[in-house]
Amino acid sequence: MAVAELEVRLADRINALEESSTLGMTKKARELAAQGHKVISLSVGEPDFKTPQHICEAAKKAIDDGFHGYSPVAGYPDLRKAIADKLKRDNNIDWKPENIVVSTGAKHSLANVLQVLVNPGDEVVIFAPYWVSYSEMVKLAEGTSVVIDGAFENNFKVTAEQFEAAITPKTKVVMFASPNNPTGSVYSEAELRAIGEVVARHENVFVVADEIYEYINFTAEGHFSIGSIPEIKDRVITVNGVAKGHAMTGWRIGFIGAVKWIADGVEKLQGQVTSGTNSIAQKAAVAAFNGPLDDAKKMKEAYQRRRELVVGKLKEIPGFKVNVPDGAFYAFPDISAYFGKSDGTTTINNSDDFCNWLLDQAHVATVAGSGFGAPNCMRISTAAADEQLAEACDRIKAAVARLN
Ligand SMILES: Cc1ncc(COP(=O)(O)O)c(C=O)c1O
């Protein structure tokens with residue numbers, strides 16, 4: 001039977017899902033590199049640093065100490081305690097270990113929370129631009145995404161007024177990341193308090209606060225957690241992990257801090273689907289949460305330096321509209337000035353065309369804004385060596401000069 005005929009036998013929920021655009025672009029870049037092209041890959045959302053040594057040592061010790069069996073579904077008690085301590089220390093959020101559930105990456109935590117809270121037809125308000133997986137996770141939970149756009153002029157941030165206007169009797173959840181992927185925007189304490197006031201007025205609405213880029217924040221004010229606002233504490237699910245701040249993407253540790261009935265719901269789901277996550281990675285994560293943050297700080301400084309480099313160079317490219325990201329490791333220029341232009345052979349109609357053309361012509365892999373709910377933009381990861389970033393920007397500038 002032909003592949004296409006077999007594919008239609010997939011469940012509707014899978015046929016309805018989009019492929020992850022970030023992973024798709026990375027795959028294409030790898031294929032070009034395998035053909036011998038000098039590809040600069042700025043498409044993945046992954047630190048280019050190694051996991052700090054003290055964390056690796058804790059993992060080696062966990063192996064030697066025999067942590068080889070199943071762990072409790074919600075995570076080892078010492079890890080849940082380390083996370084509760086971290087939330088108190090860094091985020092001013094008071095949760096006990098029983099409020100923490102550890103999962104296989106923050107991605108898994110987010111998907112779990114949506115499965116646990118969203119009924120078919122419930123609305124989930126998503127602040128756009130948003131991380132590619134949010135809308136697909138909502139689909140899997142049979143919810144309806146209600147996407148609100150943050151204006152470029154407001155550094156891509158959604159205002160409390162915009163948010164309140166989107167709330168209906170069906171609204172169950174609002175979700176957003178700060179610092180943000182793909183824009184690097186950071187919601188200030190004042191902005192989050194204003195959003196918190198809206199949530200306080202709508203007692204059926206829950207907040208999923210994705211704080212995975214918490215440690216990569218360049219603002220003088222620093223990180224503020226909406227979960228620390230007492231009036232709405234029981235309706236905020238704080239999601240975080242070790243992937244970005246501690247350079248541990250492959251270890252797959254994420255967590256939620258939430259009111260106990262939600263934490264129990266996630267534990268119940270996880271108990272039937274995945275069980276406790278990797279035992280060795282959990283012990284490494286204990287070292288990450290309890291240990292020094294010097295490495296995290298050094299990495300942040302490197303990302304900040306690269307931001308200056310990339311934003312400076314992108315601003316020199318005619319037609320690019322460039323925001324200044326306050327955190328994370330992405331630049332997100334508006335490239336729509338090139339829509340409708342052509343190099344004589346290929347016409348660029350949208351951000352997907354632009355990014356594919358750039359990969360073919362300049363061998364620079366980026367990700368189209370369309371998957372992030374921002375079709376005028378493209379995402380450039382700044383988690384790469386300074387020289388690579390500089391060369392990539394030069395190649396982009398030279399390539400677009402050929403578009404008329
Ligand atoms: C905004 C955002 N949330 C969550 C995640 C997932 O993190 P993890 O690797 O811990 O699953 C990512 C990863 O790219 C992300 O960008």
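Which residues form a nonpolar patch on the surface? In this predicted model, where local features need pLDDT of at least 70, side-chain atom pairs count only at pLDDT 80 or more, and totals for chains, interfaces and linings use all residues, the patch consists of Leu10, Ile14 and Leu140. Residues are numbered from 1 along each chain as its sequence is written, and side-chain values use heavy atoms, with hydrogens and water left out.

Together the three patch residues have about 230 Å² of accessible area (Shrake-Rupley method, 1.4 Å probe; for residues, only the protein chains shown count as cover). A patch of this kind joins nonpolar side chains (Val, Leu, Ile, Met, Phe, Trp, Tyr) within 5 Å, each residue having over 30% relative accessible area and no salt bridge (a side-chain nitrogen of Lys or Arg within 4 Å of a carboxyl oxygen of Asp or Glu). Leu10 sits in the loop between helix H1 (3-7) and helix H2 (12-15); helices are DSSP runs (H or I, at least four residues), numbered from the N terminus.

The ligand is surrounded by 13 residues, the closest being Ala106, Asn181, Asp210, Lys244 and Arg252; a residue counts here if one of its heavy atoms lies within 4 Å. Helix H6 (residues 106-117) contributes the most to this shell, with 3 residues.

Next come the polar atoms. A ligand nitrogen is 2.6 Å from an N or O atom in the side chain of Asp210. Ligand oxygen atoms lie 2.9 Å from a polar backbone atom of Lys107 and 2.8 Å from a polar side-chain atom of Arg252. Taken alone, the ligand exposes 400 Å², of which the protein buries 93%.

Terms used
A polar contact is a pair of N or O atoms within 3.5 Å; within protein, one must be able to donate a hydrogen and the other to accept it, and residues adjacent in sequence count only if both atoms are side-chain atoms. Helices (H or I, at least four residues) and strands (E, at least two) are DSSP runs, numbered from the N terminus. Patches are made of residues with over 30% relative accessible area and no salt bridge: like charges are joined within 9 Å, nonpolar side chains (Val, Leu, Ile, Met, Phe, Trp, Tyr) within 5 Å.
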